[in-house]
Amino acid sequence: MPLASSPPPSPTSYYALLQVPETASPQDLRQAFRGLSKRYHPDTTVLPPAEAAAAFQQLQQAYAVLSDPAQRQRYDAQLHPAPPLRSPIPPPVAPAPRPASVRRDLSGGEWLALLLLGFALLVSLVLGVGVAWMRGVELVQWPSWWSEPVVAAGLDSGAAKMTGLAP
């Protein structure tokens with residue numbers, strides 16, 4: 001049974017033709033198209049066939065453009081062109097802020113921690129040397145591969161030959 005309907009108004013935009021706002025979602029566009037296509041399809045309307053075909057073709061074209069995201073973006077750009085720039089000179093760019101210096105003075109707590117660390121190192125060194133001295137351990141031991149210790153005054157001939165320092 002054909003639906004009685006008047007011809008669609010000649011809209012100024014595809015949004016007006018589909019009777020949806022410009023912020024309509026893809027689901028809203030589909031519902032609007034389906035409802036209007038039933039009303040203006042040449043097989044279901046009482047409009048003259050030529051008029052119904054033209055109205056239905058307009059609906060199809062509007063839905064085809066608005067349902068494709070890329071085409072819809074281009075259409076919206078044509079519908080609402082960007083205002084022309086008033087000045088061809090770009091606005092001045094503010095200089096980037098310089099990063100704040102990372103160096104700072106040590107706080108009192110940090111100085112105390114360093115002092116305690118130094119004191120602990122000194123006590124450990126004295127304690128280690130004192131315990132070794134009390135046990136009678138030699139503080140300086142010559143390596144086992146060195147046959148005779150080298151004296152501070154000079155090299156004896158055996159050690160000089162072993163080290164390859166003899167003339």
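Analyst: Let's begin with pLDDT, the predictor's confidence in each residue, on a scale from 0 to 100. The protein chain averages a pLDDT of 79, and 77% of the residues score at least 70. This is a predicted model, in which local features need pLDDT of at least 70 and side-chain atom pairs count only at pLDDT 80 or more, while totals for chains, interfaces and linings use all residues. Residues are numbered from 1 along each chain as its sequence is written, and side-chain values use heavy atoms, with hydrogens and water left out.

User: Which helix has the lowest mean pLDDT, and which the highest?
Analyst: Helix 6 has the lowest, 53, and helix 5 the highest, 94. Where pLDDT is low, the predicted coordinates should not be read in detail.

User: What makes the pattern α-α-α-α-α-α?
Analyst: Helices are DSSP runs of H or I with at least four residues, strands are E runs of at least two, and both are numbered from the N terminus. The protein chain has 6 helices and 0 strands, and read along the sequence that gives α-α-α-α-α-α.

User: Why is Ser37 called buried?
Analyst: Buried means under 20% relative accessible area, exposed over 50%, and partly exposed in between (1.4 Å probe, protein chains only). Ser37 has 14%, so Ser37 is buried. Ser37 sits in helix 2. Contact means heavy atoms within 4.5 Å; leaving aside neighbours within four places in sequence, Ser37 is in contact with Thr44, Phe56 and Leu59.

User: And why is Val140 called exposed?
Analyst: Val140 has a relative accessible area of 54%, therefore Val140 counts as exposed. Val140 lies in the loop between helix 5 (108-135) and helix 6 (157-163).

User: What makes a nonpolar core, and which residues have the most contacts inside the largest one?
Analyst: A nonpolar core is a set of buried Ala, Val, Leu, Ile, Met, Phe, Trp, Tyr and Cys residues joined through side-chain atoms within 4.5 Å. The largest has 20 residues, and those with the most contacts inside it are Leu18, Val20, Leu29, Leu59 and Leu66. Helix 1 (14-18), helix 2 (26-40) and helix 3 (49-67) are the elements that give two or more residues to this core. Helix 3 supplies the largest share, 7 residues. With neighbours within four places in sequence left aside, the contacts of Leu59 include Leu17, Leu18 and Phe33.

User: How much of the protein chain is buried?
Analyst: Buried residues make up 18% of its 167 residues.
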